[in-house]
Amino acid sequence: MYAEYIKLREKLIKKIRPERFGLPGYDPENREKNNFIGWLAFSVFISLVFFVGRYSNSRDRLYYKDYETGEKFLWDGAIMTDFADVLGWSLAGLFLTAAICLSYIIIRYNYLNKESKSIYLLRRLPQRGELFRRCAAAPLLRAAICLVFAFVLLLLYFAIYMIATPDQCLAPDQWAKIWR
Amino acid sequence: MIELKNVTKKYPGKTALKDVSLQLPRGEIVGLFGENGAGKTTFMKSILGFIRYDGEITLDGEPITTKNIAKISFATSEHSFFPNLSPAMHKAFYKEHFPTFSDKRFDGLMKFFELPPYRALKNFSTGQKNQFEVILALSQGADYILMDEPFAGNDVFNREDFYKVLLGILEPHETVILSTHLIEEVSDFVGRAILIREGKIVGDVSTSDLEDQNMSLMDYVKQTYNYRADRVIRALSQITDEEG
């Protein structure tokens, strides 16, 4: 199984040739990649903590506690805070990480003017868009990964909200309200 | 042929090229001479499309775009290679992007200059970096080879060797446009001299015409620039008189 995975990976690498999307001899590539993974993991973690905290608080407010029995009961006519309000800034870390990733397009472009002017070589290559591709591919891919994570988390949070909230407390049009 | 028609380049507070019009046919070695800031680098960068300009520059009658840019190569004292890559890696990169890249010329010149093929260029001496920059420009398979002060930092023997190699390897269709301060040094190698001053072409002559007139290139340059031979003597006598 592992051998097959390695074989497939090698085949894909050969086909895609990822080196075509990077800057030749770009030293900070690995550091950038590791920073990205770190920032992404941190943003996801913060997002989860933030959302779960806010959701728990909102959900708790639907109930009152009978201090004699210790049981929880729904308030009459209690309505859950809208999903959009619970969500709040939960995904902001991921958007910020995406923006930081995009700023690396400029950092990479400026790198081509350091030590030597390799920008001159990349600017006079006969392949159209080569310079942009090499400067922007990795930052754009990373920014896209952030947005995908943000979307997946949004779906996850929405599912949690819809499943864990008592039906009678749900206000209508929750999904639509996110985009308003 | 590269043709410039009324090319003007203005920077804030300075005009780097003023209404430059000239033709650079194939098969010439052209010397581009001028003092610092005269517009030599701007001239080359305009041809390569690195900067915006007013006017028109064509290559074999067509505007210079990604379609025909491979016909022009460029060597600069600022160096346009990737410092973390080795010559061997550059060879692979050039071969991938320039179909006319000449392995034979690259390998031959690498051997001639005794450059290590697998060491990162950032570890090369300035002279070696210059040599490699020029090797790349010559091996690209371009018809027009632009060189902007390519030997700044090389010793005289090195440069001398290089000129000889250059003359030996160039094909009849290849044109070299060499921007340099070293007028006397290249006077035997260039077939045409273009003088640029404050962004204007102030002289354009073939060395064979100069020979017919029994005039050296240096004399032509001095004449064109209105060089006053007595300037130094006057200045010295003035200084010594004042001190006396």
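User: How do you know that strand E3 of chain B pairs with strand E9 of chain B?

Analyst: In this predicted model, four bridges join E3 (residues 29-33) to E9 (residues 192-197), and the two strands run parallel. Two strands pair if DSSP finds at least two bridges between them, so four bridges meet the rule. Helices (H or I, at least four residues) and strands (E, at least two) are DSSP runs, numbered from the N terminus.

User: What makes E6 and E10 of chain B edge strands?

Analyst: Strand E6 (72-76) and strand E10 (200-206) each pair on one side only. The open sheet of six strands has the order E6-E7-E8-E3-E9-E10 in chain B, with mixed pairing.

User: Which strands of the sheet does helix H8 of chain B touch?

Analyst: Helix H8 (residues 217-224) touches E3, E9 and E10 of chain B, where contact means heavy atoms within 4.5 Å. The direction of H8 makes about 150 degrees with that of E10(B); axes are lines fitted to C-alpha atoms, for helices over the stretch in contact, and angles run from 0 to 180 degrees between N-to-C directions.

User: Why is B:Asp19 called partly exposed?

Analyst: Its relative accessibility is 48%. Buried means under 20% relative accessible area, exposed over 50%, and partly exposed in between (1.4 Å probe, protein chains only), so B:Asp19 at 48% counts as partly exposed. B:Asp19 lies in strand E2 (residues 14-24) of chain B, and its phi is near 50 degrees, a positive value in a residue other than glycine.

User: How are the residues and chains labelled, and which parts of the model count?

Analyst: Residues are numbered from 1 along each chain as its sequence is written, while chains are lettered from A and ligands numbered from 1 in the order in which they are written. Local features need pLDDT of at least 70 and side-chain atom pairs count only at pLDDT 80 or more, whereas totals for chains, interfaces and linings use all residues; side-chain values use heavy atoms, with hydrogens and water left out.
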